[in-house]
Amino acid sequence: MIKYTQDITIPCYDTDASWRLKPASFMNYAQEAAGNHAVYLGFGYDDLIATNTAWILSRVHVVFTDTPKWKDKITLTTWHKGPERLFFLRDFILTDDRGRERVKATTSWLVLNLETRRLVRDPKLMEEGTVCRENVIDTPADKVVMPKDVEAVHVMDHMVAYSDVDMNAHTNNAMYMQWAMDAVDYDIASTRPVREFTINFNHETKPGDKVEIYKARIEEEDGRRVFVEGKVDGQSAFSVEIVF
């Protein structure tokens, strides 16, 4: 199974006031599919934790071609693309029941030794039998940097709490995207579809951390571009570029 597929009917709790699939909900779908596929390929959570290593999601770039809505029947397909410099790459494509592309994404992952905090290059992750080189987006997710010519405004603080935390006892990656969307003006986030976003995970956050969230907005002829960054004690935890 060089590609993994998962059928989903969009539930109401994964959509917004316009019935569109939320960006954070797509990220939840993607991480579950990635985990299931990695298990099949022999390098899932249990395989890696046996050697005190783990997958760490570093960067994500998602493009919404035609955002699915509540009750839509969709199929999510993912595949492991092997190593690319420091990262291991994995792509996703979400199609509807007519086979039309609705969402596509590319992700960059690290494998970390949990004790030494050093990167690991496991030979199993590079075997050709597990790798599909097909690209849904031509280039890997880029680095996100807050623009220097626009002032970033502090919009809110978020205390990391029970509902943010995953099975590894730190903030689940989808929650960062949820915080970012909450930082956007509601009349924009709830009515204008997200065309694409890129998110970088720069430093983990844990229960009790206060995340200071900043926003910078750029007006463009064909839409609106918003940058959001979360910091803990002055250190960047995550940064996001969202295009509406």
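**Exercise 1. Classify Trp70 in this predicted model as buried, partly exposed or exposed.**

Solution. 
Step 1. Take the relative accessible area of Trp70: 31%.
Step 2. Recall the cut-offs: buried means under 20%, exposed means over 50%, and partly exposed lies in between.
Step 3. Trp70 is therefore partly exposed.

**Exercise 2. Find which charged end sits over the ring of Trp70.**

Solution. 
Step 1. Look at Lys71.
Step 2. Its charged end lies 4.3 Å from the centre of the Trp70 ring, and sits over that ring.
Step 3. Now turn to Trp79: the charged end of Lys3 sits over its ring, 4.3 Å from the centre.

**Exercise 3. Describe the aromatic pair of Trp19 and Trp70, and say which parts of the chain it ties together.**

Solution. 
Step 1. The structure holds 10 aromatic pairs.
Step 2. In the pair of Trp19 and Trp70, the centres are 5.1 Å apart and the planes make 90 degrees, an edge-to-face arrangement.
Step 3. Place each residue: Trp19 is in the loop between β1 and α1, and Trp70 is in the loop between β2 and β3.
Step 4. The pair therefore ties together parts that are 51 residues apart in sequence.

**Exercise 4. Work out the geometry of the pair Phe26 and Phe64.**

Solution. 
Step 1. The ring centres are 6.4 Å apart, and the planes stand at 70 degrees.
Step 2. Planes over 60 degrees apart count as edge-to-face.
Step 3. So this pair is edge-to-face.
Step 4. Phe26 belongs to helix α1 and Phe64 to strand β2, 38 residues apart.
Step 5. Both residues are buried.

**Exercise 5. Decide whether Asp96 is buried or exposed, and find its side-chain polar partner.**

Solution. 
Step 1. Locate Asp96 in strand β4 (residues 87–96).
Step 2. Its relative accessible area is 6%, so Asp96 is buried.
Step 3. Its side chain makes a polar contact with the side chain of Arg100, at 2.7 Å.

Technical notes: Residues numbered from 1 in each chain as written. Predicted model: local features only at pLDDT ≥ 70, side-chain atom pairs only at ≥ 80, totals over all residues. Heavy atoms only, no water. Helix = DSSP H or I, 4+ residues; strand = E, 2+ residues; numbered from the N terminus. Buried < 20%, exposed > 50% of the residue type's maximum accessible area, 1.4 Å probe, protein only. Polar contact = N/O pair within 3.5 Å; in protein donor to acceptor, adjacent residues only side chain to side chain. Phe/Tyr/Trp six-rings, centres within 6.5 Å; stacked < 30°, edge-to-face > 60°. Lys NZ or Arg CZ within 6 Å of the ring centre and 35° of its normal.
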